[in-house]
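Welcome! Please take a moment with the sequence and the structure below, and then read on for a short tour.

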Amino acid sequence: MSIHTHTHIYKLASKLHVQSGYTVIFFKYLICKNTIYTFIVPFLISMLILCQPHLLLVSVEIFLQALEDGLKRADADPSVKAVMICGENGKFSAGADIKGFSSPKRRGIALGPIVSLIERSEKPVVAAIEGVALGGGLEVALGCHYRIAHVKARMGLPEVTIGLLPGAEGTQRLPRLVGVPAALDMITTGKVLCLVIPPKGVKICSLPDVDALFCNSIFLPPGQPLGPRRLSLKPVPKLPNMEAFLSEALVKVKKQAHGCLAPELCFQAVKAATEQPFADGVRREQELFNVLLTSGQAQALQYAFFAERAVQKWTTPSGASWKSASPQPIHKAAVIGLGTMGRGIVTSLVKAKIPVVALEQDLEYLNMGRKAVMFLLEREAMKMEQGAQTLDFHNPARLQFTVDFDVLRDVDLVIEAVFENMALKKEIFHKLSRICKPGAFLCTNTSALNINEIASATSRPQQVIGTHFFSPAHVMKLLEIIYGHHTSPTTIATAMQLAKVLKKVGVVVGNCFGFAGNRMMFPYAQQAVFLLEEGSRPEAVDQVIEDFGFRIGPFRMSDLAGLDVGWRSRKGQGLTGPSLPPGTPARQRHGHRYSPLPDLLCENGRFGQKTGKGWYQYEKAGGRTAKPDPWLHSFLSQYRDTHRIKTRFIDQEEILERCLFSLINEGFDILAEGIASGPEHLDVIYINGYGWPKHRGGPMFYASTVGLSRILAKLQKYSEAHPDVPGLQPSAFLKKLVAMGNPPLKEWMSYLSRPNNKL
Ligand SMILES: CCCCCCCC/C=C\C=C\CC(=O)SCCNC(=O)CCNC(=O)[C@H](O)C(C)(C)COP(=O)(O)OP(=O)(O)OC[C@H]1O[C@@H](n2cnc3c(N)ncnc32)[C@H](O)[C@@H]1OP(=O)(O)O
């Protein structure tokens with residue numbers, strides 16, 4: 001295991017230097033409504049241990065040993081009056097190297113005893129925090145007697161986000177410092193706190209300034225006792241209603257966890273701090289840490305951490321990549337269409353402080369759209385600390401509404417977000433290509449349509465790209481970025497940069513129907529409906545999927561999104577509606593099994609939440625509380641009678657496997673075709689766009705944990721039972737990987753001889 005010092009920014013100590021004759025200021029930090037305020041208090045330090053980064057990656061053994069030796073030396077040297085621990089180049093510590101947690105060598109290394117040693121020091125120890133102090137870094141600071149924090153420092157215990165808990169006594173010290181509510185909030189969510197507004201009178205200085213201040217001899221009265229500064233000796237601040245507070249907090253933590261273990265175990269560790277003496281609490285923390293370390297969820301979450309960063313380094317099969325392509329700056333953007341998606345996209349751009357022109361086809365739609373966007377922005381502004389003033393969305397230079405295409409002449413990028421209708425999209429792109437300046441990028445927010453065909457309507461196909469947002473677009477983190485045949489690397493790089501500016505995760509994929517995300521969703525949704533035909537109910541299927549950890553099951557999701565969306569798309573594809581050739585069998589299309597159930601619901605006016613009825617019934621049109629609907633149950637049994645389908649009991653295992661394994665199976669085809677350049681891409685898409693539980697690492701990671709041979713065997717079994725369902729027929733790539741002995745996920749792509757993008 002090594003300490004993380006990966007980039008030049010996150011450096012830690014590899015060597016400890018002892019210098020004498022310095023004076024230091026000290027800041028004490030308190031947490032108040034998620035904000036840390038700093039106060040400067042003069043303090044004498046006549047000995048400085050300065051951590052210097054001579055290596056990029058420092059072995060934790062070396063680091064901890066050096067820290068221990070330095071502390072012991074400082075304690076033994078009578079000329080040393082105090083000790084300071086800091087990072088260099090303006091960064092304290094991002095904590096441990098996360099990769100080290102999966103290494104067996106990691107076990108047995110303990111930061112906790114070193115933190116205790118720091119705390120026991122007979123001489124004052126100060127943590128001087130600049131930049132980030134995360135995880136183990138902050139735990140080291142908690143062991144110190146004083147903490148100096150730069151006003152722009154960011155501090156947190158993000159272990160929960162990688163499936164762990166702060167295991168170096170952090171769960172026991174933090175509540176003693178900041179109280180139980182603030183500590184629970186930080187430890188169970190992993191949120192990182194920033195010093196947003198410097199309190200009056202606080203001088204903002206960088207570490208060299210701090211050094212200078214040492215030399216300016218600001219003295220702390222000698223003989224100040226250290227006992228009260230040792231957090232382990234302090235009691236946890238009492239709450240009048242601790243028990244009630246804790247039981248309410250547990251309910252909240254469980255509700256938000258969706259099956260993820262770490263938040264609840266973090267809670268248990270903090271609770272132990274409120275009930276037990278420090279040493280017992282530390283033992284409890286260690287027990288809980290070990291449960292998490294071996295849970296499997298920690299590995300999945302750590303994989304997801306790196307997968308999210310890996311997808312930033314995009315490549316395409318033609319050799320274009322992030323290394324050689326530079327993004328163009330976007331000073332002004334436009335959004336066409338102010339339906340649900342367009343409204344969210346405008347909101348997202350305004351939040352990112354990109355001036356936007358919002359365009360609709362006529363004044364009636366424009367006014368409706370304007371109202372809705374303003375409503376969203378007001379709500380967002382209320383959530384933001386500095387409020388509406390920062391967003392400044394009433395300023396026409398920031399947000400302009402128009403029906404006039406000519407206003408788009410000077411924008412750098414347009415995002416089209418109109419209905420999924422190819423003819424309409426082509427007409428708009430043709431117009432844009434005539435009106436927009438030559439350098440402008442033209443993006444389409446389609447969720448399935450062919451990017452090449454849309455680009456063919458323009459004179460600049462190299463600047464056309466798919467930017468698939470997810471609803472609600474100002475909330476969902478995913479931006480699927482789809483390059484076409486002619487899309488230039490600069491256009492891809494610009495779309496990726498846009499994702500970053502919008503605080504989204506951009507994932508670059510190739511062009512095919514449904515791209516990566518929706519293409520994998522089709523077989524999943526299809527299986528869910530087939531399960532209803534065969535005997536299941538929406539609530540049974542949703543329950544299994546939600547128990548797995550999805551935020552929302554397929555039927556509740558379909559009711560939320562609106563059944564009419566898919567209906568329109570199926571009509572467009574000629575699968576239902578007037579263009580369906582007469583005599584087409586009800587449950588078959590192109591020789592494959594088809595379920596007309598969703599079409600029948602739409603024909604009955606059941607579009608989901610918006611009509612108050614869909615797969616469930618709701619209290620009213622627009623209602624949100626789904627209740628099982630007896631009408632639907634009898635409709636399903638009539639349907640089965642009509643089509644002579646024998647109702648059978650379908651167990652949870654079959655529901656889960658048929659839905660998830662068919663989705664994963666499609667993922668293998670997508671990889672084999674070069675539509676996505678690695679399994680991480682599909683996992684990041686599913687975690688950030690489709691509510692796949694992060695603690696299961698995404699569908700492809702999950703497949704690797706289930707075992708590819710098992711997935712293959714199950715798909716073979718189900719496809720034998722349903723030979724007319726192509727989605728259940730095992731992918732050739734999956735079969736190949738099983739034949740190659742089930743290699744680890746990171747090696748999968750090396751088994752593809754030549755990625756071939758089907759553009
Ligand atoms: C002087 C102080 C002494 C401190 C002693 C510490 C001793 C530690 C011993 C035990 C501790 C155990 C508990 C832990 O510490 S668990 C780890 C807790 N830390 C985290 O979870 C931090 C995770 N990282 C982040 O939140 C961010 O990366 C951040 C540091 C905020 C920087 O964000 P950003 O600027 O956006 O940059 P990136 O996220 O893209 O990261 C840049 C590259 O660095 C890699 N990285 C970042 N953090 C880690 C890490 N902790 N371990 C390994 N690698 C990390 C990241 O993958 C990027 O890599 P690449 O460029 O290859 O993509």
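How many helices and strands does the protein chain have? The chain holds 27 helices and 22 strands, counted as DSSP runs (H or I of at least four residues for helices, E of at least two for strands) and numbered from the N terminus. This is a predicted model, where local features need pLDDT of at least 70, side-chain atom pairs count only at pLDDT 80 or more, and totals for chains, interfaces and linings use all residues. Residues are numbered from 1 along each chain as its sequence is written.

Of the 759 residues in the protein chain, 48% are buried, meaning that 20 or more other C-beta atoms, placed from the backbone, lie within 10 Å of the residue's own.

Two helix pairs are worth a visit. Their axes are lines fitted to C-alpha atoms over the stretch in contact, with angles from 0 to 180 degrees between N-to-C directions.

| Helix pair | Residues | Axes | Angle |
|---|---|---|---|
| α5 and α8 | 180-189 and 261-275 | within 9 Å | roughly 155° |
| α11 and α12 | 340-351 and 363-383 | 9 Å apart | about 45° |

Helices α5 and α8 are therefore roughly antiparallel (over 145 degrees). Their contact (C-beta atoms, placed from the backbone, within 7 Å) includes Val180 and Leu184 of α5 and Phe267 and Val270 of α8.

How values were computed:
Parallel < 35°, antiparallel > 145°, perpendicular 65-115°, else oblique. Contact = placed C-beta atoms within 7 Å. Buried ≥ 20, exposed ≤ 12 C-beta atoms within 10 Å, placed from the backbone.
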